Amino acid sequence: MTRSMSRARLSRRGFVVGSAAAGGGLALGFHVPFLSEAAAQKAADVASQGAEVNAWVFIKPNDDVIVRIARSEMGQGTWTGLAQLVAEELECDWGKVKAEYPTPGQNLLRKRVWGDMSTGGSRGIRTSHDYVRRGGAAARVMLMQAAAERWKVPVGDLVVAKGVVAHPPTKRSISYGKLAAAAAKLTPPDEKAIKLKDPKDWKIAGKGLKRLDTAEKLNGRQIYGSDLKLPGMLNAAIKANPVFGGKLKSFEEAKVKAMPGVKHVVKVGDNAVAVVADTWWHAKTALDKLPIEWDAGPYAGVTSAAIAAQLKEGLTSSTGVFTLQKVGDVPAAITGAAKKVEAEYSHPFLNHATMETMNCTAKWTADKCEVWVPTQNGDASLAATAAASGLKPEQCEVYKIHLGGGFGRRGFQDYTTQAVQIARQIPGVPIKLMWSREEDMLHCRFHPVTQARLTGALDANGDLTALQFRISGQSILASVRPEGLQKGMDPVVFQGLHEKADAPFGTFGYTIPNLLIDHAMRNTHVPPGFWRGVNHNQNAIYLECFMDELAHAAGKDPLEFRRKLMAKHPKHLAVLNAAAAKADYGKPLPAGVHRGICQHMGFGSYCAGVAEVSVTNGKVKVHRLVIAVDSGHVVNPDQVAAQIEGSVAYGLGAAFYQESTVKGGRMVEENFDTFESLRIDAMPKVESVLVPSGGFWGGIGEPTITVAAPAVLNAIFAATGKRVRNLPLKNTKLA
Amino acid sequence: MAKLNINGKVTDVKVEDDTPLLWVIREQVGLTGTKYGCGIAQCGACTVHLNGEPVRSCAMTVGSIKASDRIVTIEGLSPTTTHPVQLAWAELDVPQCGYCQSGQIMAAAALLKKKPQPTDKDIDEAMSNICRCGTYQRIRAGIHLASKKLAAGSSIGRKSRA
């Protein structure tokens, strides 16, 4: 396929949906609902002027540079960070940079030229920094070559800055906008042979530049999936059987068919029913009145208490157990210990509770299916669309929209599947499916439930000689991606506890002479999924709170106790020291304020936290939280700080208040009244300490969430003498 | 049938009286900057101004609105996105996903109208909107910054409608 053809196809997407303001100059960024079809087509024609130098870089005659972003923007700032990396190597004018999503259908057609679209595991930048920079660099090489050919001068005599190529000997200069068409016709250079800039020479990357997506988020112009309006579109509200594994038996369409606005009542899959109406409010109102008979299925009697008992058995069981690390002789060391410390911890199911509920708009015809969807994984959305539509992937297309929150939830495509299943029953009509908050709270891939039993042995000097760490509970991979299991073991269960420094799932930061870390896999009928920080969250709580218990049992300072075990883990230790230094660890605090400290490594980054907490009449106040992180490189320090701040709110909200509990095989909590979030009054002052040591690329969306809760829980112990071992904190009385 | 004054423009809407104002604004009037988050007045994503007061439009029926009531949504806060709160939000890059920010900005604008120099405690009490991305630290800083802009007598601030 030629570039111009691909461009035309890309532009079609812009004709239908775009999130930025009309006339903003984006190739794809305008929004048809406010334009007539003719006006939209005209805008599309204007917008498509320019040239695609390569897959990553499209340049317009007015020198606007449009950078293609394959990953999804859900608030984490990757839209801006990835554009900074491309722009850095491209040597363009940052003030003229805009960004757009290529479509998953185009990615398929063009042999995955944009690589992986999946946006999770804090991988947005850390696994694509190399090829996106090479994309920017290759475009620069082509633009400079085009100038050299135009002027018939050696390319080595040219210089480039801010999107202008100059030939100093003849004082000529020309901008990228005038070179792009010629550059696009050149043979691309070997990207692998291009030498990338040393990060110390960065001018655009590494700087705390403003986000590219802020303006529309200040005045209501940002179009989210739930705001989408297509010509002729109908709205759908849905109810799936709240009991996991249950089915839909029947519903009485006649009872609601005459209600205002109602057009259709349809079965969706084998477990759900949707009302389709002129407006979503009409659809939802009718759905609430619709008599539905459910087949509750085999799990209707399951409760949280039953699941807890199942996990508790796993804490001491020898069946279904997978061992991650076994060093020395733990039982012997524990038997011979001067002091033995034991504790059991637990962590609940959690819903992601994105601010924007799940939604997807789909249009199905016999030979084509298109969806518009806020998704963390465009490729998976395309696969789900193809599967549900009965069409080939080549007949389907997915238009990505900025997400109103993701946190791992929108990597799963159940809602995309449902939208297509509905649209397929109403051919030719765009259907916007939006979940109510209640539906969103009941149907999720929940943060898995686990318990842990930890046993530590201290010698006469108070040094740790052995640690036994048993996790009992759900495996995400066993449910989501069983092919990822390693001889039955789920390596993701052990996030942050792996031995090797290059382990993809996070490295343990201590050297303990006798060590046993294992997992009793105890799966439940509740579908588990990836929730910001995933298993690092509770593993860090279990390990770092227990380290605190050990330090206190040994009569040692928790920081000193850790330092002694971390000599062989210099990166972990350096970050812990950085946090301690910034927090003035060891210096006196105001009366009633107490410190807690912790460290953890995950998603390629090393983190540490120091919390300052007071507890008055049982009420916890977190005054200050210092969080240090070594992510290797930092692409945008201001956005790294934003992710640290946000991760604290997300992590502490869960630790303080949140649990999805099971009764009758379904979740009990249906809205924010019973599933409380952290609000501004409980938000501590967060101080971010960035200590990038270079040489590696760590993530930033998730890593620091792991140290927020343990630091606070350890400070609560310092303040009250009470150990909070069962999350959330609201279930423990501190007064 | 209801007559609504939204952002200074009077609109006739044909809708059942018990329809929440939120859904009238979004689906009848077509202003989608005001968001649905919970439907039970918990999260504040649907915050608009009713006669200058911040209200949760998801829990207010259109039948309870009088023709003389003035409703302002995020789209009507400032025709040029230059309300001091918006300027402060831009300066500090407050939004992450941005979905709750219309509500946050409307709540902050209403707070500053009542208390041009709010304390942290005032902010804690007035800003009960949920942000799942956790932009609270910047929201707090943004309100203080907007307050400074107001105090400096920003001409831009005076132009804004709210």
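At what angle do the axes of helix H17 (residues 637-657) of chain A and helix H18 (residues 705-720) of chain A cross? This is a predicted model, in which local features need pLDDT of at least 70, side-chain atom pairs count only at pLDDT 80 or more, and totals for chains, interfaces and linings use all residues. Residues are numbered from 1 along each chain as its sequence is written, while chains are lettered from A and ligands numbered from 1 in the order in which they are written.

**The helix pair.** Select residues 637-657 and 705-720 of chain A: the two axes cross at roughly 50° and come within 8 Å (axes are lines fitted to C-alpha atoms, for helices over the stretch in contact, and angles run from 0 to 180 degrees between N-to-C directions; helices, H or I with at least four residues, are DSSP runs numbered from the N terminus). H17(A) is therefore oblique to H18(A), a term for angles that are not under 35 degrees (roughly parallel), over 145 (roughly antiparallel) or 65 to 115 (roughly perpendicular).

Next, display the contact residues, among them Ser647(A), Gly651(A) and Leu652(A) of H17(A) and Ala708(A) and Val712(A) of H18(A) (contact: C-beta atoms, placed from the backbone, within 7 Å). By class, this contact has eight nonpolar, two polar and no charged residues (Ala, Val, Leu, Ile, Met, Phe, Trp, Tyr, Cys and Pro count as nonpolar, Asp, Glu, Lys and Arg as charged, the others, Gly among them, as polar).

**The chain interface.** Now show chain B: 44 residues from chain A and 44 residues from chain B take part in the contact. H17(A) gives the largest share of the chain A side, seven residues.

Definitions and conventions
Helix = DSSP H or I, 4+ residues; strand = E, 2+ residues; numbered from the N terminus. Contact = placed C-beta atoms within 7 Å.
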